[in-house]
Amino acid sequence: MQGLKARALELLNDGTVSRVLGWKIGENTYDPEPAFFETAEAMEQFVYNNFCAANLSKYMIEASKLEGKTLVCLKPCDSYSFNQLLAEHRIDREKAYIIGVGCKGKLSIEKVKQSGLKGILSVTDTDPLKVETLYGDAEVAYKDAMLDRCHVCKGKEHVVYDELYGESEDTSDADRFEQVRAIEAMSPEEKFAFFQAELSKCIRCNACRNVCPACSCRKCVFDSNKFDSAQKANVDSFEEKMFHIIRAFHVAGRCTDCGECSRVCPQGIPLHLFNRKFIKDINALYGEYQAGADVDAKGPLTSFTTEDAEPGVVSQGGIV
Amino acid sequence: MQRIGVFVCHCGSNIAATVDVKKVVEMARMEPGVVFADDYQYMCSEAGQAKIGAAIKEHNLTGIVVCSCSPRMHETTFRSCAKRYGLNPYMVEIANIREHCSWIHKDMQEATEKAVILARAAIAKVNLNAPLQAGESRVTKRALVIGGGIAGIQTALDIADAGYEVDIVEKTPSIGGRMSQLDKTFPTLDCSACILTPKMVDAAGHEKIKIYTYSEVEKVSGFVGDFTVDIRKKARSVDATKCTGCGVCQEKCPSKKTPSEFNRGLGNRSAIYTPFAQAIPNVPVIDREACIKFKTGKCGVCEKVCQAGAIDYAQQDEIITEKYGAIVVATGFDTIKLDKYDEYAYNQSKDVITSLELERVMNAAGPTKGHLERLSDGKAPKEIVFIQCVGSRCADARGKGYCSKICCMYTAKHAMLIRDKYPDVNVTVFYIDVRTPGKNFDEFYRRAVEEYGVNYIKGQVGKVAPQPDGSLLVQAADLLDNRQIKMKADMVVLATAIEPDPSVRGIATMLTASIDTNNFLTEAHPKLRPVESPTAGVFLSGVCQGPKDIPETVAQAGAAAVKVIGLLAKDKLTTNPCTAKPDELLCNGCGNCAKVCPYGAITYEVRQINDHGIREERRLATVNNALCQGCGACTVTCPSGAMDLQGFSNRQLIAEVDAICR
């Protein structure tokens, strides 16, 4: 981490970049937060540890409007989001200096809590995690404290960068579509009950939308007075649930499956499952596709070929 | 607030017998914006239209809803009516209470309820309608015909004779199509080549017709009056400007083992070849897959023997980009594959052939030089069985549900010709029904039975089994005598179902022309607009639209030509004002709308904008109204809802849905 900080400072000091986009020390090891650093003094607060899960690519939309380059730290999976934003002309490659930072799987304090520990005072980001609690010290295996998304890791390659720092590790050890298949196997009634139960937890804080790199509209349809959707959602609980479904449709074919939506949801709704269902169907109907892997790729939902699946096939659940 | 008039049509008893029109009027009166509602027996009649006009004047209407038939039937009628009485034509909405309601329901109460809901949706939409102005677009006075069979040739000749330029694109090395493979034609038994080849020559020599053979349509953009088409002219490896058509190269070519497509694989051809002697153009192509020079680099015999120096191994595919005002699809047909019909032993015995293969066998230029012989041993057959409806009128998924229409007649033709030339040969035809509607058709069939003694048996063949002695055992049922038949045959001929040429799918996709479940192109109206595709500027000629024989094909080809001429005769076309329009404050500039636009109507430009006091440069979508066809693909792709379709805005559609769900 010190090497990364030193390199960022060097680039800041020699004027290559005007600011650094990274993570700032929080109150504890486990809550670093995204931040811009413009001075060497501010950089004292810079941190990069195994709890730095936040995907910084979306901040580049605002950074692209600023004078000078911004140094942005991207983990391998974040680089896909960056590429997707580039493909949609939402950010300016020339305004970014990308340091591809190594990642060995990111940790979540929620996972530590789920292991049964209470009254956590401090926690390390080591393997295993050493946890100090009100009730004594404990240890949690690194894998057990990892975010769900890291168990289906996209790999250790950065798809876009200017320079690399640190080692990465492919931490995938689970089937990406296992949960989707489990839901697909449910009866319509079971599915409805499942989503009803999950979505009724939503408090419409908009955290999922605000963090999502694919949700980058200047003005969201749910905030616009041009449509009646916002007002409807306010008065109708059914429409309220439609928010997540409409959002999933809007990011379909563009979602890189970065998993930020589920990570930030204060209610623990597994929102990424909607997106993953779309990804699974797209893979089945149009061939394997990873949004953001290639800036010049025409997305499967925004291109038409004579080999495309027929609508009839789609309605049959994509069995080709 | 709009002042809306609602007009409910009885359509005689078409609507009124199932829908309580008075009730619809009464309910419509209670809808927001409605100031007038009335019903009439025939709204589209002169008196009905006068009623609408009077109401527009008297009640100062700003919008109208006509509850009647499909908008495809009378939307234009009521729009021009509105225009005549001073209302913008795009302030008219149709509630389809006939096709969508009265025709498909029996219960009056249910149908009335639905009619009210449909009216309510249309009223909700008109409340948000805004007047639109139609523009004009130019017409390129040149037509493209895809397919160089008899349908394409006839359409091209008729268009060219009217003075317009026509290009024919044919994927094989020669024009002529299926008809050039036929021996004789029913019901007159004149020789197919004798009536076709003069037309081929006419087309080739016509100053207004340009023929691209060994070429395929690769890309189509634009719209009615102004299509831009990329044609891939495949490398012939022969310079057409130098070739004299002497044929020496084909004689000397050492690679002679490629099954001849023209002879349906019954004979072989050389690697450098013209499909048949009368090919147009009479310029061979080198089949690079079969050519020894291309495979091994060693040979070059054709180059050595060509006196004209026309062989060009280095020739590349060429892309020709041309503009057209109209496109005619004349892609024709092929016979279906028989893999799923093992019972007829087509793949087991050389003596089981399709009718199209029999045409080649009977033809003097065919693989047997016109002698009727078994393909297995060259012996003269004594007993021939014809099986009708192989894959046609088939209830299961192996074949086609439709009647291929031409088989009854060509089977009668084959039977008659064989009995005429070889009176000692017994001919038996197994059929489900014999269908002979058409001028002189039934007489023709009766001649086969009565004068030529062809043995017609109503019943289907269950199995054809090749025997050790080389004969074929045919097992069948005679339904009229109610008995099982087992007979030996020397040859079995299958009247194989026809299907649209497989290339039509790709072409339909490029043209955004719709096809049905059997891959036949759909007409704009099955009865009233049979040679037009629902896609403006695209016309249909020949079997690509449905099974038909030569006389019908030629008639339809002429009809398609007339429609094309009618279009090309215009200098300007009125454009549809229902085009896409982006809201620049909502546009992200992401580029997805441009990606999905099939017409290339959307581009991006960086503009200075003022977003509630924030001045900045943004990348924004711009729509070219002349190119936009209002398909709406962009509006559903746009995540921020910046793109909207005039006349079909998101708010209008949501208002309609809300009105239905209320």
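Hi everyone, let's begin with a strand pair: strand E3 (residues 63–68) of chain B and E4(B) run parallel and share five bridges. Strands here are DSSP runs (E, at least two residues), helices likewise (H or I, at least four), numbered from the N terminus, and two strands count as paired if DSSP finds at least two bridges between them. Within this pair, B:Cys67 sits opposite B:Ala95 in E4(B).

A word on the source: this is a predicted model, where local features need pLDDT of at least 70, side-chain atom pairs count only at pLDDT 80 or more, and totals for chains, interfaces and linings use all residues. Residues are numbered from 1 along each chain as its sequence is written, while chains are lettered from A and ligands numbered from 1 in the order in which they are written.

Now the whole sheet. It is open, with four strands in the order E2-E1-E3-E4 (chain B) and parallel pairing. Which strands stand at the edges? Strand E2 (34–40) and strand E4 (92–96) of chain B do; each has a single partner strand, so one side of each lacks a neighbour in the sheet.

On to the helices. Helix H2 (residues 46–59) of chain B packs on the sheet and touches strand E1 (4–9), E2 and E3 of chain B; the direction of H2 makes about 165° with that of E2(B). Helix H5 (residues 108–126) of chain B also packs there, touching E1, E2, E3 and E4 of chain B, at about 160° to E4(B). Contact means C-beta atoms, placed from the backbone, within 7 Å; angles run from 0 to 180 degrees between N-to-C directions, with axes fitted to C-alpha atoms, for helices over the stretch in contact.

How values were computed:
Contact = placed C-beta atoms within 7 Å.
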